[in-house]
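Colleague: Could you take a close look at one part of this model for me? I'd like the local picture, cut-offs included.

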Amino acid sequence: MELSEVFYTKFSGAYNEFKLEANGQAPFINKWREEGYQRLLLDGIPHKQLEDWKYSDLNKVLDPAFIQLLKKPTYTFRLEDIFRCDVPDLDTQSFTTLDGWYSDTENPLQVLPDGVIIGSFREAALKYPEIVEKYLGQATKTAEDGLSGMNAAFATDGMFIYIPENCVVEVPLQIIDIISAETDLLVNRRNLFVGGKNSVANVVVCDHSLTFQKSFTNSFTEVFTENGAVFNMTMIQNSSNNTSRNSSVFVSQKGRSTATINTISLHGGFIRNNIHVALEGEFAESNLHGLYLGDRNQHVDNFTIVNHKVPDCLSNQKYKGILDDQARGVFTGRVVVSRDAQRTNAFQANNNILLKDTAHVDSKPQLEIYADDVRCSHGATVGQLDTEALFYLRSRGINEKEARMMLMFSFAAEVVDKITVPALKLRITDMVEKRLRGELSRCNHCAINCC
Amino acid sequence: MLKIKDLRVSINNKEILKGISLNVNKGEVHAIMGPNGSGKSTLASVLAGRDIYEITAGTVEYNGKDLLDQAPDVRAKEGIFLGFQYPVEIPGVNMMTFMRTAVNEIRTHRGLEPLSAKAFLALSEERKTLVEIGSRFDGRSVNEGFSGGEKKRNEIYQMAMLEPTLAILDETDSGLDIDALKVVANGVNKLRKPENATIVITHYQRLLDFIIPDFVHVLYNGKIVKSGGKELALELEIRGYDWIKKEQGEN
Ligand SMILES: Nc1ncnc2c1ncn2[C@@H]1O[C@H](COP(=O)(O)OP(=O)(O)OP(=O)(O)O)[C@@H](O)[C@H]1O
Ligand SMILES: [Mg+2]
């Protein structure tokens, strides 16, 4: 469906201004943007009549009024003053984006001592065009639509990470994405992460919001793992319930590489997470783990596609959700095993607990298997807290609230336990516990009000 | 200590307990026996506060207070302990975290300081020796993957930790080999105090060789149809329940 009139007026105005701004960017970037823009005009914003968007209505949350030219903002505060992420023992190297812009203007792109290149995506396209051009759009091209088009056309900036061959990055790389809008806002952010041959890296992405302004973030991330690379990414979604987001992660994996994506959704009004994995090389392994805790009117939709294109790959998906009040959860997990992908192992599970009967979840596993030698399993459950277990705990003197907490927490722990960096696991354990207790899940010394 | 008067209990409109009366005084051990499905576990669950049952008539008084309007955790804090016939597996809830939370909630209720991690461990070690479980449960989830016998030992370990006033043990002997039975019975006996009472539900005389009851009751079809001393258990062992069923049929 074409872009509607009201969106067209807004977007075309912004795009013309944006093009002027965009002078000085690499020619291949400008070409890529133009293609994206044309795609946006052609396809428009995904709507509810599309099967893949049946449960999540973007038109309810993406207001044309959000669309404006996003110049690099000048901030009146010092980041260090308001944001102190005191992740205990989590000795990370942190990098921040503000409203889609890389925040460190003085030092937009760094080469760390171990050779890792990290910083502004925009800057990387200028400094390392041979890398960016090689990868950019290669993973997303399998599923271009109006959203990916919008992202290409309007992406202000984002993160670029390049892990060189054989490089083992000791400390996690932490990316803090902040929405600090003083007006309602549409943010398009583009990330490009490359794990070179036999490299190992852990990336943590934390989403926060500083204000209670309405916003829509359209974030696209491409992850490439070369042969033998190990790439773990944990995304923590913890923005105010006035924020909405589409987060699309496209993973393209070469042989014997492992990519693990953990998605922890704590706060945020409307969240749609798309993860597309293409297993392109034999013996590649994909792990997708998700935990979503929703209450009030939160809407969390996880949509995954794992594409087994070649033989001997393994994929694991584990998504769990606890929904309270009027919260709405969606899980759609598509596993495609192509004709040649013999000896595929593909596992998928989605388990949900509804705390009130006003909460709702739709769970849809979809298997498309064209090979014959395949081990595949999938299962979806929706239930309440186990009343027998609850009684057992209470019969030992544990009050109802605490007993429920223990059960919810143990349910969530199965996902949190998949996080392999011990300090990060501890930190997320703490955040999940606070979230379940209805406390603010933020770091102790942080001034950010996420929820 | 416990006064049950004409207790009637239904589930899904089916009456299971049809007027039970029973008095338990401190220091006493009562054994409840009876054929399968007669309502023994139902009685135990109702006393512990399981809320799936409908109480249609009768009263239960515990230490002078109405028991039936108390939440299960309050009952536990007030000293009631149920050793489950089928202990529930709770994946993801660490056994020791669970026990420490329980012990400290109960201590707080009794006006005692919560135990530090260290003090808790020391107490736990001491009580574990009572049921000879060593470190088998450490680092594991509550009952998850425990063998039948281990689950029963775990119930007694928990009882030892919580120091109840009234312990209700529902077939704690079933599934135990003879050595384990002795260990469990020994544990129960060591925990007996003049101010406490115990209700043991069992099918077998052999447990009662170790835990000697003051009274034996036969529960049949939702009613206590016979009460006596420990010799009643022996008689049941020899003659089975047929004569009781017959007697009841005649009435
Ligand atoms: N949740 C339930 N729903 C329906 N019927 C139930 C339920 N719980 C118990 N009953 C019924 O109540 C009756 C008594 O059950 P109960 O478990 O109390 O027997 P019991 O004396 O403990 O038997 P056993 O010796 O086999 O342990 C049985 O007929 C049982 O089927
Ligand atoms: Mg029973």
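Where in chain A is the place of S395(A)?

Modeller: Quick ground rules before that: this is a predicted model, so local features need pLDDT of at least 70 and side-chain atom pairs count only at pLDDT 80 or more, while totals for chains, interfaces and linings use all residues. Residues are numbered from 1 along each chain as its sequence is written, chains are lettered from A and ligands numbered from 1 in the order in which they are written, and side-chain values use heavy atoms, with hydrogens and water left out.

Now, S395(A) sits in the loop between helix 8 (387-394) and helix 9 (400-416) of chain A; helices here are DSSP runs of H or I with at least four residues, numbered from the N terminus. S395(A) is buried, because its relative accessible area is 3%, and buried means under 20% (1.4 Å probe, protein chains only).

What does S395(A) touch, leaving aside its neighbours within four places in sequence? Its contacts are in chain B: P72(B), A76(B), I80(B) and F84(B), where contact means heavy atoms within 4.5 Å.

For a contrast in another loop, R296(A) lies between strand 14 (285-294) and strand 15 (299-308) of chain A, strands being DSSP runs of E with at least two residues. R296(A) has a phi near 45 degrees, positive although the residue isn't glycine. Most residues other than glycine have a negative phi.

Technical notes: Buried means under 20% relative accessible area, exposed over 50%, partly exposed in between (1.4 Å probe, protein chains only).
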